[in-house]
Amino acid sequence: MTIFGFSIEVYFINLGIAIPTFFILRWLTSKLTRKPIRKFIPWIGTVVLTPIIYISMLFVWIWSIAYYPDMAFNEVEWRNNPSERYELTDDLIESELLIGLTKNEVKELLGDYDYTYDENHWAYGIGHVPALFNIDPSVLDVYFENERVIKVSQQET
């Protein structure tokens with residue numbers, strides 16, 4: 001059920017935020033302000049602060065889902081945790097560690113590839129990169145030209 005384009009849950013969440021916000025503001029204004037102003041500040045503050053708090057909570061929630069540590073490339077971690085390789089790929093791409101290596105050197109460093117599109121394009125599974133609507137696993141693409149790595153990138157499958 002939606003009201004004005006928002007599901008009913010949004011209104012209940014905002015109500016859950018508004019009630020404690022009102023009482024906190026009422027308590028603060030009773031300590032800090034004169035009597036005539038005391039009646040209006042909690043109401044105005046609640047109306048203004050409730051959507052701000054709600055949106056802030058959404059941003060924190062989205063950030064916490066999409067966050068993952070960006071670690072330096074480590075060959076042991078790469079081989080032992082295939083489902084968490086995405087933590088190592090940023091460093092692997094940015095440092096250009098693979099650029100210029102031969103196919104055999106890449107196999108020694110990263111192991112056997114998981115997918116191949118042709119003899120000059122290998123892909124290594126790196127797991128599911130944390131993101132809000134990410135349901136597909138990602139891969140590290142390694143491109144070769146004349147038997148040497150020319151490009152390394154990451155993509156969702």
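Trainee: Which residues touch the most other members of the largest nonpolar core?
Mentor: This is a predicted model. Its largest nonpolar core has 20 residues, and Trp-78, Leu-98, Val-106, Leu-110, Tyr-124, Leu-140 and Val-149 touch the most other members. H5, H6, E4, E5 and E6 each supply at least two residues of this core.

Trainee: Which residues of helix H5 are buried?
Mentor: In H5, residues 86-94, they are Tyr-86, Glu-87, Leu-88, Thr-89 and Leu-92. The cover over them includes helix H4 (75-80), helix H6 (103-110) and the strands E4 (121-127), E5 (138-145) and E6 (148-156).

Trainee: Where does H5 lie on the strands, and at what angle to E6?
Mentor: H5 lies across E4, E5 and E6, and runs at about 140 degrees to E6. H6 packs on the sheet too, touching E4, E5 and E6. The direction of H6 makes about 10 degrees with that of E4.

Trainee: What is the order of the strands in the open sheet?
Mentor: The 4 strands run E3-E4-E5-E6, with antiparallel pairing. Neighbouring strands are turned by 25 degrees against each other on average, direction ignored.

Trainee: Why do E3 and E6 stand at the edges?
Mentor: Strand E3 (115-118) and E6 each have a single partner strand, so one side of each is left without a neighbour in the sheet.

Trainee: How do you know that E3 and E4 pair?
Mentor: Pairing takes at least two bridges. E3 and E4 have 3 bridges, in the antiparallel sense. Thr-116 stands opposite Trp-122 in E4. A hairpin of 2 residues joins the two strands, E3 and E4.

Trainee: How many bridges join E4 to E5?
Mentor: There are 6, and the strands run antiparallel. Tyr-124 stands opposite Leu-140 in E5. Gly-127 has Ser-138 of E5 as its bridge partner.

Trainee: How many bridges join E5 to E6?
Mentor: That pair has 8 bridges, again with antiparallel strands. Glu-145 stands opposite Arg-148 in E6.

Trainee: Why is E4 called largely enclosed?
Mentor: 7 of the 7 residues of E4 are buried, so the rest of the structure largely encloses this strand. E5 is mostly covered, with 6 of its 8 residues buried.

Trainee: What makes the pair of Trp-63 and Tyr-67 tilted?
Mentor: Ring centres must lie within 6.5 Å to pair; planes under 30 degrees apart are stacked, over 60 edge-to-face, and the rest tilted. Trp-63 and Tyr-67 stand 5.4 Å centre to centre with 35 degrees between the planes, and the pair is tilted. By this rule the count comes to 8 aromatic pairs. Ring pairs also link Phe-22, Phe-23 and Trp-43 into a cluster.

Trainee: Why is Trp-63 called exposed, and which class does Tyr-67 fall into?
Mentor: Exposed means over 50%, buried under 20%, and partly exposed in between. Trp-63 counts as exposed because its relative accessibility is 56%. Tyr-67 has 49%, so it counts as partly exposed.

Trainee: How do you know that the charged end of Lys-103 sits over the ring of Phe-144?
Mentor: For Lys, NZ must be within 6 Å of the ring centre and within 35 degrees of the ring normal. The charged end of Lys-103 is 5.3 Å from the centre of the Phe-144 ring, and sits over that ring. Likewise, the charged end of Lys-151 sits over the ring of Tyr-143, 5.2 Å from its centre.

Trainee: What is the phi of Glu-96?
Mentor: Most residues other than glycine have a negative phi. Glu-96 has a positive value, near 55 degrees. Glu-96 lies in the loop between H5 and H6. It counts as exposed because its relative accessibility is 52%.

Trainee: Where is Asn-146, and why is it called exposed?
Mentor: Asn-146 is in the loop between E5 and E6. Its phi is positive, near 55 degrees. The hairpin there has 2 residues between the strands. At 69% relative accessibility, Asn-146 is over the 50% limit, so it counts as exposed.

Technical notes. Residues numbered from 1 in each chain as written. Predicted model: local features only at pLDDT ≥ 70, side-chain atom pairs only at ≥ 80, totals over all residues. Heavy atoms only, no water. Buried < 20%, exposed > 50% of the residue type's maximum accessible area, 1.4 Å probe, protein only. Contact = heavy atoms within 4.5 Å. Core = buried A, V, L, I, M, F, W, Y, C linked by side-chain atoms within 4.5 Å. Phe/Tyr/Trp six-rings, centres within 6.5 Å; stacked < 30°, edge-to-face > 60°. Axes fitted to C-alpha atoms, helices over the stretch in contact; angles between N-to-C directions.
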